[in-house]
Amino acid sequence: QFSPSTVEQQLDGKSILEDLTDVYNGKIPDFNGGYEKNDDGEEWTYAEKMKKADPNRFETIGFEQESNGEYDTHYYYTLGGAGFYGILYNKDKMIEHGYLTEDSDGNVQGLPRTTEEMKTFAQKIKDGGHIPFIAAKDTGYWTRVQNLWWAQYEGAEAYDRYFQGQYKNDEGEWERGVEVLSKAKGRYLANAITESLLHYENGFIHKESSALQFTAAQTKLIQGDGLMQANGAWFDQEMKDVASQEGADAEIRMMPSLIISEIVEVVPDKSIDDDAELAALVRAMDNGATSFEGVTQKDFDRVKEAYNLYNPGEAFSPIAIPSYSDAKDLAKDFIRFMATDEFARIYMEKTGGNSSAFYYDVESKDPALYETFSGMQKDRLQYVKGKSSILPYKTCNYPIVYRTGYADLGKGFELKYFSENKKDRKSSKDCIDEQIAEYTRNNNEMWNTLLSQAGLK
């Protein structure tokens with residue numbers, strides 16, 4: 001399986017992967033003898049078009065390499081697609097049971113917009129005699145949902161720095177040290193929110209979840225045996241055979257990303273009074289607001305920064321060329337083709353609306369194709385427009401991640417919350433504290449070993 005560490009594997013003194021820097025720095029052929037142009041009518045490079053689709057993710061795929069005392073960025077792989085994680089819901093059942101409504105234009109009304117609103121919403125569903133959440137064992141999907149809340153709370157830079165082993169010290173400077181594990185308050189909060197939604201004894205989660213494979217859990221969502229689920233943009237394509245069966249054609253939609261309610265603690269001016277005001281502010285943003293009465297512009301902008309983030313998951317279908325290939329030029333031509341509008345259109349057509357890794361406004365460039373997409377895919381395309389992803393931490397280009405097991409210090413513990421076996425359940429705080437104890441034991445022995453493995457000590 002490909003990972004950034006593959007770049008460091010050597011054959012005859014060089015990487016086993018072909019250097020694609022010339023592709024990234026080059027223009028994109030339109031296969032009519034010219035080059036593709038951006039929305040301003042200017043020819044642009046492969047790198048520029050990928051960066052336009054997702055600026056933050058683009059920064060995670062290059063490798064800084066030294067030559068003659070100077071450092072340059074080199075690229076060894078490209079991405080086949082772009083993901084999106086969120087909370088899916090059974091729209092038809094939600095409306096049938098009265099938990100949501102739909103206006104005359106087909107817009108769903110009543111969705112929660114903050115994490116506190118989600119807790120209230122889940123309680124309402126439980127009180128109505130239905131199961132709020134269905135999950136499966138070992139998917140890790142809730143990690144992707146909750147890590148977005150973590151990044152919202154601490155900010156994208158602090159979340160990114162965590163996966164470099166860095167925290168902000170008392171002087172306001174970034175410092176690498178084991179203290180990063182205990183100072184990541186956003187991680188504690190995000191995990192605690194997930195625990196409150198999924199803990200077996202709270203009654204929000206389907207009792208069979210810890211025993212279900214992912215397809216079985218997804219089938220239950222379609223059937224309405226559990227009305228919400230953490231999942232990804234590929235869901236409707238993955239489950240199309242099940243959805244085509246009689247009685248299993250419920251419409252599954254994707255919620256806009258929830259905003260962590262505790263963000264009111266860290267906005268600079270503390271002008272947001274409570275969660276009700278935060279929720280109203282977020283709904284105003286949904287409608288294009290650039291300010292909000294009673295909230296300072298600094299606080300508005302801080303919430304907007306969080307609002308403009310999403311979680312794409314990890315490197316999606318990474319593609320590289322072996323350096324020993326005897327058809328490298330042909331392979332590079334195909335990789336260039338992957339950046340074209342034509343490839344993006346074909347990719348979306350064949351995958352039911354999923355996106356390639358490159359900027360392509362399908363709604364304006366091919367409205368007929370756009371109209372064939374499911375409501376869930378249309379939701380996703382609107383949610384990511386003009387936004388940027390948080391760090392895809394498992395496949396980023398930080399040595400502390402790809403040379404060691406540090407990525408485990410970013411995962412969640414969902415199975416510890418909804419296990420049917422009471423002895424297997426733990427609180428989120430206990431799970432994180434156990435990790436910290438492991439890395440700080442014997443005068444930080446495990447932490448120091450990790451730094452050595454990463455080449456940082």
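Begin by selecting Phe133 and Trp142, both of which are buried in what is a predicted model. Show their side chains and look at how the two rings meet: the centres lie 5.6 Å apart and the planes stand at 80°, so this pair counts as edge-to-face, the cut-off for that arrangement being over 60 degrees. The structure holds 27 aromatic pairs, and the tour now turns to another of them.

Select Trp150 and Phe163 next, whose rings form a tilted aromatic pair with 5.7 Å from centre to centre and 45° between the planes. If you colour by secondary structure, you will find Trp150 in helix 6, which covers residues 141-154, and Phe163 in the loop between helix 7 (156-162) and strand 9 (166-168), so the pair ties together parts that are 13 residues apart in sequence. Is Trp150 buried or exposed? With a relative accessibility of 1%, Trp150 counts as buried, and Phe163, for which the relative accessible area is 0%, is buried as well.

Finally, turn to two places where a lysine meets a ring. Which residue lies over the face of Tyr200? Select Lys207 together with Tyr200, and you will see that Lys207 takes that position, at 4.0 Å from the ring centre. Then move to Tyr307, where Lys387 lies over the face of the ring, at 4.3 Å from the ring centre.

Key: Residues are numbered from 1 along each chain as its sequence is written. This is a predicted model: local features need pLDDT of at least 70, side-chain atom pairs count only at pLDDT 80 or more; totals for chains, interfaces and linings use all residues. Side-chain values use heavy atoms; hydrogens and water are left out. Rings of Phe, Tyr and Trp (its six-membered ring) pair if their centres lie within 6.5 Å; planes under 30 degrees apart count as stacked, over 60 as edge-to-face and the rest as tilted. Buried means under 20% relative accessible area, exposed over 50%, partly exposed in between (1.4 Å probe, protein chains only). Helices (H or I, at least four residues) and strands (E, at least two) are DSSP runs, numbered from the N terminus. A charge sits over a ring if NZ of Lys or CZ of Arg is within 6 Å of the ring centre and within 35 degrees of the ring normal.
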